[in-house]
Structure formats: structure tokens, C-alpha cells
Amino acid sequence: MDDLRLALLLNAVSPQVGGVLVRGEKGTAKSTMVRALAGLLPAIGVVAGCRFGCDPAAPDPQCPDGPHAADAAATRRATSLVELPVGVSEDRIVGSLDLERALAEGVKAYEPGLLAAAHRGVLYIDEVNLLHDHLVDLLLDAAAMGRSYVEREGVSVRHAARFLLVGTMNPEEGELRPQLLDRFGLTVEIAATREPEQRAEVVRRRLAYDADPDGFAARWQDEERALAARIVAARALLPQVVLGDAALRQITAVCAAFEVDGLRADIVMARTAVALAAWDGRTQVLAEDVRIAAQLALPHRRRRNPFDAPGLDEERLDETLQQHAGQEPESESDPDGDPDGDGPDDSGPDDSGPDNGGGGGGQDGPGESELPSATDSEPTPADTPSDSPAPQSASAPAPREVAPVAADQPYRTRLFKVPGTGQGVQGRRSRAETDSGHTIRSARPNGALQRLHLAATVQAAAPHQLARGRSGRALVLRKDDFRQQVREGREGNLVLFVVDASGSMAARQRMSAVKGAVLSLLMDAYQRRDKIGMISFRGSGAELVLPPTSSVEAGAARLELLPTGGRTPLAAGLLRAHETLRVERLRDPMRRPLVVLVTDGRATGARTALDEARRAAGLLAAAGTASVVVDCESGPVRLGLAAELATHLSAPAVKLDELRADTMTSLVRTMQKEAA
């Protein structure tokens, strides 16, 4: 909590730091801390009647309510705290233009949005990771430039929008893209304390507030006033703080040592270090200021792929600071020159026991040499026929479970789409009617006019001009004449992975390749703004190991721990997918699903097990669910069961080794050469 408190106060001293992103688990008072900050900020003077909060001493020359006279009346008000709801629209953020009045009357009728209300105040975005990416981009652009722009069909309005930006998020619900993370100046990770006494004190204060809110506030009033006065003093001192060359070299050296992309981190660190000095009442930036600035500004800029967790190597940070302060970092090796401190013989062949593979010398075991069968059975002793499961008894051992195996390295996969045109949220996978993209037709507006289709509007109004008494060059427009654009872009889908984790996958040592394939598809889903879910089937049934979520990181973590072994209840996996999608359609009817079934197509038990799996596949197909079957069957003799199952799903079947995008490109080129 101390880091969060400091980060918020530094932004209060210098909003140019770029805001704060607060990452933490639910119930950690993230929102309470942000709302408390607004109460500490000093009151501001505003031009009377200005909807954009212009400063009387320096009014915005482009203010839509201006120009303001130098002697315009002024009032004082508290610093505003504007909260951005998750379901907010673009027009609500930047403001809306009445295009109908603009075209028919030539009037710029502009209704300010939340950015105008937040000018010279605090803009708070709870669950910022759940906002659409284009809205987050828009907010961060306004925060960086200090100005908001509204452009609609040649009609434009702009106004000042300088604010302290604070976003909170729960990483379990999905991450922000690295490009958006980089736009936040500072980031703080918070978690609830595990100390019973501290937790008890939090509960005491909460109960005291609930019992007497006014009395509780009065008890802390003196401390809050002192803190508010310190913010004012630090703001006044800020222009006098000097960032020396030595401190600047430390900043750039740290950013270079941690291989941070771009130069934004260097600038943010410099501004943060200066704000720290002002907060402490100093006019010189010290090495400790640089160290604290790095801890706040760099962790979220260290991610190299979607599955990396933000973090910073403290030892490496200290070494870099010492090196560029003219001091050598302290060596941790012992005086005898042994860098490990374990003696010269610690790497000898002391561990002469058997390796993980046992004494079999790396043999694949009898499972690799058996002829394949359409139905898998429980692992049995060598003298038990592989096509008849061993009888179960009270004393029989439980089916062997294989420990989780590591995934192969991820790679770029082929693109799989949902057929047809949807109307879901913006993404990068399947075709859909969205707010962005290319215009495909016009339509009457359903509510307020958003994206005017000028040609269609003129075409609709032209036949009625004589009847409306048109006398000049201007068109006479009516409300029914207006048409808006219908655009086609891409949507994000719900990608539901149904993964075979049975003994047949483990026995044939395919699980590493399968996990690598699923991890690659997870990364593809992250890049295409999809939601994901995961079902695993093995043993006696199927389990929803990851309910539909935007957190691809959670999917990767569940995949890593996925065990294998036991029977192959293929039908149960498909039925669980059908039920999961039925429930999800009720929650999010506009998001179209894509089922990715990863299996070799075999099913445990009697021959009826395959029939049950085919009937379950028919249920998914009848519901109109788009699917893809990733065929994991390997070996010299293949039964083609996965491809047969794909026909019942009305889905394409893709072999595991054909999932790579470069493999598909090679196949196309080969076919083109053969055709030529």
C-alpha cells in the first residue's frame, strides 16, 4: 500500500508523470485509495459558466465555450473526480456532436464528455483492462497530449483535457496489451496483507467509519490537511528541482540495462525522480530517487510476450546504479574464487541414481509398439490385452496419472475464423459489423446519429426538395433523411479449447507438442482480442478447468499444470463444451464461439463410446457452433478418427504438424508449383 500511496502522491505533485496503473487482487481498497486522493487535492479556480473548467489565469484559446475575456468572472470549486464506467461509449468519453443540427442548421452543437469534466482533475478508470482497446488508446492519447479531439464528417471540436489518470485492474480478469501498459507512467502491484494485526486494524477502521462517518473523518482531518499542504508545497518547488547529468546517466543506464523498448521509460523515470525530490523538499535529484523511480516505472515495461508477468530484478537494478555512480558492485563470490560458494566438486557426478526416465534407457514403452485401436482402455499390465480394460475391484490400483509435462515453444499458428458476419465486440478474428472498418452499406440510425453516410443522406433527401419548398442552394433536410454508415471490421470470439488429456496422449509422448500447440493458439487468441475457456477430459469425465475469461495468462497457467492419464471420455468433453456454450450465450449473446477440439479421436470403452461422441458432436453442429479439430494422431498406422469426428462437427480437421502458419504457406506454395 505504501507504493500505491507514493505513486498517487507523485502524480498529484506532477501529473506529467503519466498516471498510475494499480494492479491487484479484488478487495484490496484500490478504489478507496483513488477516491481519497481527490479529497487531498487543492481547490481550483474556473471561469464561471465554462463547461470545460478553464483556468481564469490561462483560459484555453480553443475552448468551445470561449473565447473568454481576460476579466471574465471566476469561481472556485473542488478538484473533480470523474469515474469512467466499464460500458462507456466513445461519445460519452470525448463528447458528442449533433450532426443533424450541424448539417441542417450549420450549428456546432457539442455536448461535452467525461474528458471535459475531468480537465484539471482526476480521471479514474476502474477495471481498465475490461475497456475496449480503442477506448483505452483514446484516453491515453488525450492524457499524453493534454487535449481532446472530436471529428465527425468534417465537423471538429477540440478542447484542453489535462488530468491525473488512474486505472485499476485485477490481472485475473485479463491483461492490458504491452503497448497500452507502456502508456501508463507508473504501475503498482498491491495485495492484501497477511499479517493478522494489520488486517484487524483495517476491519476496526472500517467498522468505526460505518458507525460514525463524520466522526471518523474529523479524527483524520488534521493529517489530511497536512498532506494536502505538502502537495501544494511540492508543486511550488517542482520547477526549481535540478536533474543533474549524473542522475540522468543513471536513468538512461538502467533503462538500457533492462532493455526497455523506446524512450518513454527514460522520460517517465526522469519526471518521477524530479517529483520525488520535490515531494521530499529537495532541489536536487539523488540516486535513491532514481532507484524508486525505476521500481515504479519499469516493471510493466519488462514484458516481452503476453505470458510474462511484470517484474524487476532488484539486484540487477542495484548493480547498474552502483556501476554508473562510479562504484563497483559488491562481489558475492567467496575469497577463494569459487563463484558458487559450493566448492570445486559440487558439479561432479554425485547424483548417480536413475534419471526420470527410469532404467529403460529412454525407451518409449510398450504403448508405442502396440497397434492402434478405435477405443482406448485403461493402462494394463503387459500380459493384459490392450483392447479389453482390466476389471475394476476394490483393491485395484487407481489409474496412473502422469505428472504435468512442459509445453513446446509456442509458434505462429494458422488463422481460424467463425463463418458468416457477426455483431460482437471489436477484435481481430472473424468478420463482423463494428464501429470501425470499411463502410459496406447505409442504414437508418437506431437512436442518435453516429457515423453519417453523406451520399446516402443526400440521396434520401433529394426527391423531396420541391415538396419541401427548397428555394436556394442548401438542401432541406428532415430527420428521416439521415443515414449512417454500416461498417465491417473484425470481432473477437470466444475460443473454447477442449483438450484430450487422457492416457493415450501421455503414452505416446505427445502432450508436450499438444501443449505447445494450445499455448500457440492461446497467444493467437490474445493477439486477436478473444475470450478463452478450457475444458479437459480424462479419467471418468470432463472438467471446465478455465471458465470463459479474458485472461490468456490464466489459460497458460492452467495449461502448464494440466495432468494427463486415465481413460478417454470424448463424449463427456463434447457435452461439457455444449453446456458451457449454452450458458455463455445467455451471458454474452453477441460473442460468437469457436470450439478448438484437440484429440486423436479415440474414445474409451465399448464401440458405443464412439457413437456417443459422434452424437455429442452433432449437438454442437446443430447449435451452429463453429469448430476446428486438431488431429493429434501419430504413428505409421492411423485410423483417421479425428477427421471422421470433424465431419460430424461440420468442422475442418487440421493435423498437429500442420498448425503452424509457415507450414500452411509451404503447402500452398507446393500446390501452386504442382499446378504450374
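Arg431 has Arg490, a residue of β14, as its bridge partner. Strands here are DSSP runs of E with at least two residues, and helices are runs of H or I with at least four, numbered from the N terminus. Two strands count as paired if DSSP finds at least two bridges between them.

Both strands belong to an open sheet of 3 strands in the order β12-β14-β13, paired antiparallel. At its edges lie β12 (426-434) and β13 (438-443), each pairing on one side only. In general, strands of a sheet pair through backbone hydrogen bonds, either parallel or antiparallel.

You are looking at a predicted model, in which local features need pLDDT of at least 70 and side-chain atom pairs count only at pLDDT 80 or more, while totals for chains, interfaces and linings use all residues. Residues are numbered from 1 along each chain as its sequence is written, and side-chain values use heavy atoms, leaving out hydrogens and water.

The average pLDDT (the predictor's confidence in each residue, from 0 to 100) is 81, and 82% of the residues score at least 70. Over residues 327-371 the pLDDT is below 50, and this stretch has 18 contacts beyond near neighbours in sequence. A contact means heavy atoms within 4.5 Å. Residues 377-399 also stay under 50, with 13 contacts beyond four places in sequence.

## Helix α11

Helix α11 (residues 245-257) has 13 residues, which at 1.5 Å a residue should span 18 Å, and this agrees with the 18 Å between its end C-alpha atoms. The expected span is 1.5 Å times one less than the number of residues.

Among the buried residues of α11 are Ala247, Ile251 and Val254. Buried means under 20% relative accessible area, exposed means over 50%, and partly exposed lies in between (1.4 Å probe, protein chains only). The buried residues of α11 pack against α12 (264-279), α13 (287-297) and α14 (314-323). After α11 comes Glu259, with a positive phi near 55 degrees.

## Arg529 in its loop

Arg529 sits in the loop between α17 (511-527) and β16 (531-538). Is Arg529 buried or exposed? Arg529 counts as buried because its relative accessibility is 19%. Residues that Arg529 touches include Asp133, Gln426 and Arg591.
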